[in-house]
Amino acid sequence: MIDSHAHYDDERFDKDRDQVLKDCIAHGVTHIINAGSNIESSKKSIELAEKYPFVYAAVGVHPHDAKECDINTIETLKFLSKANKVVAIGEIGLDYHYDFSPRDTQKEWFARQIALARDLKLPIIIHDRESHSDILDIIKSEKAYEVGGVFHCFSGSKEMAREVLNLGFRIGLGGAVTFKNARRPVEVLEYVPLDMLLVETDCPYMAPEPHRGKRNWSGYIKYVLEKISEVKGIDYALAEEITSNNAIHLFKLQFGN
Ligand code: NI
């Protein structure tokens, strides 16, 4: 199974990162995409990808950190993207729930990082929280559909999912589909065709049931796959195979390392 979105550079893994990543392999995790949130964590993502054969990196600045961007940011990301095993620009987007950066600043750097992704021909990993219509507007105006990507930890409605799919973007689902009150994520899961679905942890956040609230890790992807197999009425092994193939295809991952 593939964890299409993780943050193993997070300090919550400082004490046992090596052990957790070893355990991932023992639990059947074949690939992990470690997403950057700012320049520092993008660099750490690359370091993890260099150290662990099954870890890949995405580089980018999260909307929370958009206010830290400056004249050098795009050039720095461009430089970092040349490292081996950088497979995407992300995570990038808008977050109107926390508004840690001013919205105009978030929009500016989302657009500029899309332009970078198009320049590099890399897919994008999108963070969208309570910002659906602006996200879609910018994706259209910046022609982000030319590189495609994934709406990670998708939190929109079925109608939003339809628009996302029409633009050719995949939908990433994680722990939220397993929550007991998860009406909307399950509706989205019912609606999205399997071949457009990625699974993810967003660890250390978003641990699925029955571990909700604890530190998440890629071994818990199995609970998300169990939910997918239940809702879609297919074998677990098939849910695993299809979602893995989707991630391999989107991020052009290699087999067998
Ligand atoms: Ni994330």
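# Close-up views of a predicted protein model

View 1. Leaving aside residues up to four places away in sequence, Ser131 touches Leu94, Asp95 and Tyr96. In this predicted model, Ser131 is found in the loop that runs between β5 and α5. Its relative accessible area is 2%, and because buried means under 20%, Ser131 counts as buried.

View 2. Most residues other than glycine have a negative phi, and most peptide bonds are trans. Glu130, although it is not a glycine, has a positive phi of about 55 degrees, and its place is in the loop between β5 (124–129) and α5 (132–141). With a relative accessibility of 47%, Glu130 counts as partly exposed. Lys143 is likewise not a glycine and has a positive phi of about 55 degrees; Lys143 lies in the loop between α5 and β6 (149–151). The relative accessibility of Lys143 is 37%, so this residue counts as partly exposed.

**View 3. Two cis peptide bonds.** The peptide bond that leads from Gly90 to Glu91 is cis, with an omega near 5 degrees, and Glu91 itself lies in strand β4, which covers residues 86–95. A cis peptide bond also joins Glu209 and Pro210, where omega is about 5 degrees. Pro210 is found in the loop between β8 (197–199) and α8 (221–232).

**View 4. Helix α8 and the elements it packs against.** After α8 comes Gly233, whose phi is positive, near 65 degrees.

**View 5. Helix α9 and the residue that follows it.** Helix α9, made of the 16 residues 236–251, reaches 23 Å from its first C-alpha to its last, which is close to the 22 Å expected at 1.5 Å a residue. Lys252 follows α9 and has a positive phi, near 50 degrees.

**View 6. The whole chain, for orientation.** The protein chain has nine helices and eight strands, and its C-alpha atoms fill a box of roughly 50 × 40 × 30 Å along the principal axes. A compact globule of 257 residues would have a radius of gyration near 18 Å, and the 17 Å of the protein chain agrees with this. Of the 257 residues, 58% count as buried, and among the contacts with a separation of 6 or more, 72% are between residues 24 or more positions apart. The accessible surface comes to about 11400 Å², of which 49% belongs to carbon and sulfur atoms. The chain carries 32 positive and 40 negative side chains, and the centres of these two sets lie 1 Å apart.

Methods:
Residues are numbered from 1 along each chain as its sequence is written. This is a predicted model: local features need pLDDT of at least 70, side-chain atom pairs count only at pLDDT 80 or more; totals for chains, interfaces and linings use all residues. Side-chain values use heavy atoms; hydrogens and water are left out. Helices (H or I, at least four residues) and strands (E, at least two) are DSSP runs, numbered from the N terminus. The radius of gyration is taken over C-alpha atoms; the globule rule is 2.2 Å times the number of residues to the power 0.38. Buried means under 20% relative accessible area, exposed over 50%, partly exposed in between (1.4 Å probe, protein chains only). Contact means heavy atoms within 4.5 Å. Accessible areas come from the Shrake-Rupley method with a 1.4 Å probe; for residues, only the protein chains shown count as cover. Lys and Arg count as positive and Asp and Glu as negative; His and the chain ends are not counted. The place of a charge is taken as NZ of Lys, CZ of Arg, CG of Asp or CD of Glu. The expected span of a helix is 1.5 Å times one less than its number of residues.
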